[in-house]
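Subject: Structure handover and notes

Hello,

Here is the structure you were waiting for. My notes on what was found follow below it.

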Amino acid sequence: MFGKSRNPISRRARTRGTLVVIAALLVSSAVIRLGSGAGSAFALVPDANATEPMIAAPASSPEECEAPPDLKMLLQAFQEREDRIEQAEMALRDRMQALKIADREVGRKLAELGEAEARLRDTIAIAESAAETDIGRLTQVYENMKPKQAAALFEQMDPNFAAGFLGRMRPEAAAGIMASLTPEAAHMFSVVIAGRNAGAPTK
């Protein structure tokens with residue numbers, strides 16, 4: 001119930017009081033310095049009744065113009081804070097530089113990967129084209145053979161491989177080869193060819 005006051009006016013008053021103390025310390029230091037300079041200046045003024053010239057008094061030693069301990073501590077705290085900020089800024093600059101280098105490296109790697117992928121696509125396309133060309137030529141060879149000779153070769157092939165050639169041939173050439181096959185081979189090739197088209201959409 002009697003907790004600490006959270007009145008912003010009191011906090012503002014305390015802050016203003018701190019600033020007043022700092023200003024007073026700075027003014028005191030300035031007055032001390034001006035006082036020492038004024039004393040030296042008065043020492044240089046000659047006395048009208050003196051018969052010998054006046055010798056100027058030695059200037060105040062640096063110890064007499066030193067800032068108060070509280071002001072020294074405040075200035076030291078400011079300097080330490082400035083050093084910390086400068087170190088943090090240097091670390092941030094180093095990190096940003098490292099990120100830029102990493103970003104350039106990632107970009108270079110992505111570009112190389114894209115080029116490699118393009119070359120791979122070209123290679124695959126060339127290989128597929130070459131394979132398609134070779135299969136087309138081989139199909140023509142089988143079509144131009146006598147049906148009995150082609151049938152003898154097809155019976156030695158894997159059924160899936162042989163059925164692939166039969167499916168690419170002209171219907172009349174494929175019919176001549178099928179007629180020359182043994183009933184077992186003809187039935188097996190027919191099942192393979194029909195099975196390939198069984199899963200094709202009808203609509």
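Which residues are linked in a network of salt bridges? They are E105, R108 and E112. Before the details, please keep in mind that this is a predicted model, and that the values below are computed from it.

Overall layout

The protein has six helices and zero strands. Along the sequence the pattern reads α-α-α-α-α-α. Of its 203 residues, 12% count as buried. The accessible surface comes to about 16,400 Å², and carbon and sulfur atoms hold 62% of that. Among contacts with a separation of 6 or more, 61% are between residues 24 or more positions apart.

Salt bridges

The count for the protein is six salt bridges. In one, the side chains of E105 and R108 meet with N and O 2.4 Å apart. In the other, R108 pairs with E112, and the closest N and O atoms are 2.6 Å apart. R108 therefore counts as bridged to E112, because 2.6 Å falls within the 4 Å limit for a salt bridge.

The spacing along the chain is simple. E105 and R108 both sit in helix 2, three residues apart, which is about one turn of the helix. R108 and E112 are also both in helix 2, four residues apart, again about one turn.

R108 is partly exposed at a relative accessible area of 37%, and E112 is partly exposed at 36%.

As a general point, side chains of opposite charge can pair when their charged atoms come close.

Another of the salt bridges joins R170 and E172, with the closest N and O atoms 3.2 Å apart. R170 is partly exposed, with a relative accessible area of 39%, whereas E172 counts as exposed at 51%. E172 falls in the exposed class because its 51% is over the 50% cut-off.

The backbone nitrogen of R170 lies 2.8 Å from a polar atom of the E143 side chain. E143 lies in helix 2, which covers residues 69-144. E143 counts as buried because its relative accessible area is 14%, and the cut-off for buried is under 20%. Leaving aside neighbours within four places in sequence, E143 is in contact with R168, M169, R170 and A173.

T139 is also found in helix 2. T139 is buried, with a relative accessible area of 4%. Not counting residues up to four places away in sequence, T139 touches F165, R168 and M169.

The nonpolar core

Which residues have the most contacts inside the largest nonpolar core? They are F154, L166, M169, I177, L181 and F189, in a core of 15 residues. At least two residues of this core come from each of helix 3 (147-156), helix 4 (159-168), helix 5 (171-180) and helix 6 (183-198). In soluble globular proteins, nonpolar side chains tend to be buried together.

L153 has its place in helix 3. L153 counts as partly exposed, because its relative accessibility is 41%. L153 touches Y142 and M145, not counting residues up to four places away in sequence. Between L153 and Y142 the C-alpha to C-alpha distance is 9.3 Å, and the two are eleven residues apart in sequence.

Which residues form a nonpolar patch on the surface? L92, M96 and L99 do, with about 300 Å² of accessible area together. M96 is in helix 2, and M96 counts as partly exposed, because its relative accessibility is 43%.

Regards

Methods: Residues are numbered from 1 along each chain as its sequence is written. This is a predicted model: local features need pLDDT of at least 70, side-chain atom pairs count only at pLDDT 80 or more; totals for chains, interfaces and linings use all residues. Side-chain values use heavy atoms; hydrogens and water are left out. Buried means under 20% relative accessible area, exposed over 50%, partly exposed in between (1.4 Å probe, protein chains only). A polar contact is a pair of N or O atoms within 3.5 Å; within protein, one must be able to donate a hydrogen and the other to accept it, and residues adjacent in sequence count only if both atoms are side-chain atoms. Contact means heavy atoms within 4.5 Å. Accessible areas come from the Shrake-Rupley method with a 1.4 Å probe; for residues, only the protein chains shown count as cover. Patches are made of residues with over 30% relative accessible area and no salt bridge: like charges are joined within 9 Å, nonpolar side chains (Val, Leu, Ile, Met, Phe, Trp, Tyr) within 5 Å. A nonpolar core is a set of buried Ala, Val, Leu, Ile, Met, Phe, Trp, Tyr and Cys residues joined through side-chain atoms within 4.5 Å.
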